Amino acid sequence: MAAARRRVSVGLGLAGAACALLGVSLLLVGPLIIKEQVIKNVRIDPSSISFSMWKDIPVPFYMSVHFFEVLNPKEVLQGAKPVLNQRGPYVYREFRYKTNITFHDNDTVSFLEYRKLFFQPDLSNGSEDEYIVVPNILMMGAAVMMENLPNFVKLLLSGALAGLKQEAFMNRTVGEIMWGYEDPLIDTINMFVPGLIPFKGKFGLFIELNNSNSGLFTVNTGMKNISRVHMVDSWNGLKKVNYWRSSECNMINGTAGEMWPPFMSPTSLEFYSPDACRSMTLVYERSGKFEGVPTYRFVAPKTLFANGTDYPPNEGFCPCMQSGIQNVSTCRLNAPIFISHPHFYNADPALVNAVEGLHPSKDQHALFLDVHPMTGIPMNCSIKLQLNLYIKQVSGIIQTGKIKPVVLPLLWFAESGSIEGSVLKQFYTNLVLIPSLLDYLQYIFLGLSVLLIMSAAVLMATSQRTAAEKSPRHPTTQSKPPSSSETTPLLHDADTLSQDDAEA
């Protein structure tokens with residue numbers, strides 16, 4: 001029985017040692033295995049899991065457009081404050097895919113990414129056939145652009161505008177404003193000021209967005225250096241753009257805005273936006289979870305569109321006006337176009353107060369990116385921007401009336417998407433569930449090893465004590481009957497007395 005217990009205790013001890021070895025191995029090797037799998041599957045390589053996701057984005061993206069209708073155009077011409085009413089959203093399903101994918105020997109890959117937009121009536125609050133009163137973008141933009149030309153040129157243009165029945169505000173459908181409309185004003189402007197508007201045919205705010213690409217991106221594949229994966233090497237062959245007044249502002253930093261290098265820290269992320277003609281930096285706000293997947297949330301800092309006075313590094317984006325808007329005329333045909341957050345969120349209150357009908361709100365108008373920090377893959381995002389037109393009275397062009405200088409919101413849009421369905425399930429299983437199980441297993445094995453080793457020690461001690469109790473004893477001396485000389489004197493005297501009595 002004791003031998004059997006000893007055998008069991010030895011077995012438990014060996015099992016405990018094995019569990020300890022497994023636990024320590026998982027503790028040391030597990031993170032390395034996970035890291036290696038992440039590196040293998042997030043780099044831009046046809047064999048990686050994320051390659052198909054990168055090539056043809058499976059995430060359902062939607063672009064929601066909100067227009068600002070001018071309710072008092074006649075009063076604005078007389079110098080009144082514009083009163084705006086937000087219309088929409090007009091929602092479009094957005095499909096993105098890459099073509100001309102070319103791998104290079106220097107650990108980079110080039111591609112063109114195209115976007116296709118399809119109107120979604122069921123998700124929209126209105127149709128593309130609805131009419132909206134907005135500024136005559138071509139005419140008012142051209143007027144500001146021509147402000148410093150000789151008066152006789154402006155008077156000639158003003159007469160031509162009258163002949164074409166052009167006014168400061170127009171009433172057009174959503175579809176026309178978005179995707180273009182024929183306007184003889186284009187040819188007229190080009191006749192008086194050749195090259196001022198270097199395009200012909202239709203004019204629309206998003207006419208170049210649908211079925212078009214965002215330029216030739218060349219990015220790092222991460223095959224040699226995973227910390228550089230997705231980082232832009234060049235855009236349209238350029239290492240820097242030349243839109244702005246400082247080298248820092250012209251830099252092309254970060255990624256193309258789709259994915260980021262893995263193992264992110266909770267600090268900031270950068271991407272180059274062709275729509276904004278600049279690199280943009282978002283800052284870490286908080287940690288969270290999206291459908292069980294750990295995420296870092298990145299948001300726009302207040303300094304993103306600050307002017308050079310409030311934030312000196314932005315001086316290169318000037319000439320500036322109030323903080324909260326950015327002049328993008330240098331990359332938008334010199335038109336007086338400004339970008340901002342919707343409803344002038346995080347902007348100078350003077351911009352909000354210059355019109356009526358704006359209600360800036362963080363919940364509705366702040367942009368955000370929720371990124372899985374281990375892989376650098378966005379899980380949920382909503383990028384929001386507002387287009388604004390600077391309008392004013394221009395002497396010599398009577399159509400501008402007495403309009404007071406104002407940065408007038410035209411529309412704002414949000415491009416939103418989140419990983420869902422089978423893609424989310426695969427992502428969660430491979431990059432969240434399995435690593436979590438490995439993490440738990442290492443502690444289970446370590447805890448089990450302690451339990452088994454303690455049980456083995458207790459069982460061994462018990463078996464040894466039992467064996468000791470059942471073993472025969474071996475005394476050192478043997479009992480002998482005492483000799484007569486060893487008896488007490490009293491007994492000795494008694495024996496002598498008995499012998500004397502017998503003789504008598």
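**Buried contacts and aromatic pairs in a predicted model**

A polar contact (a pair of N or O atoms within 3.5 Å; within protein, one must be able to donate a hydrogen and the other to accept it, and residues adjacent in sequence count only if both atoms are side-chain atoms) joins the side chain of Asn327 to the side chain of Ser329, at 2.7 Å. The model is predicted, so that local features need pLDDT of at least 70 and side-chain atom pairs count only at pLDDT 80 or more, while totals for chains, interfaces and linings use all residues. Residues are numbered from 1 along each chain as its sequence is written, and side-chain values use heavy atoms, with hydrogens and water left out.

Asn327 lies in strand β13, residues 325–327, where strands (E, at least two residues) and helices (H or I, at least four) are DSSP runs numbered from the N terminus. Asn327 is buried, with a relative accessible area of 13%; buried means under 20%, exposed over 50%, and partly exposed in between, with a 1.4 Å probe and protein chains only. Leaving aside neighbours within four places in sequence, Asn327 is in contact (heavy atoms within 4.5 Å) with Trp244, Phe317, Pro319, Ile337 and Phe338.

The protein chain has 12 helices and 17 strands, and 47% of its 504 residues count as buried. Not counting residues up to four places away in sequence, Met63 touches residues including Tyr90, Leu117, Met178, Phe206 and Phe413.

A search of the whole structure finds 21 aromatic pairs, in which rings of Phe, Tyr and Trp (its six-membered ring) have centres within 6.5 Å, planes under 30 degrees apart counting as stacked, over 60 as edge-to-face and the rest as tilted. Tyr284 and Phe298 form an edge-to-face pair, 6.2 Å centre to centre with 70° between the planes. This pair links distant parts of the chain, with Tyr284 in strand β11 (residues 278–290) and Phe298 in strand β12 (residues 293–299), 14 residues apart. Tyr284 is partly exposed, with a relative accessible area of 27%, whereas Phe298 is buried, at 0%.

One aromatic cluster is formed by Phe51, Trp54, Phe103, Phe111, Phe217, Trp235 and Tyr272. The charged end of Lys98 sits over the ring of Trp54, 4.9 Å from its centre, the criterion being NZ of Lys or CZ of Arg within 6 Å of the ring centre and within 35 degrees of the ring normal.
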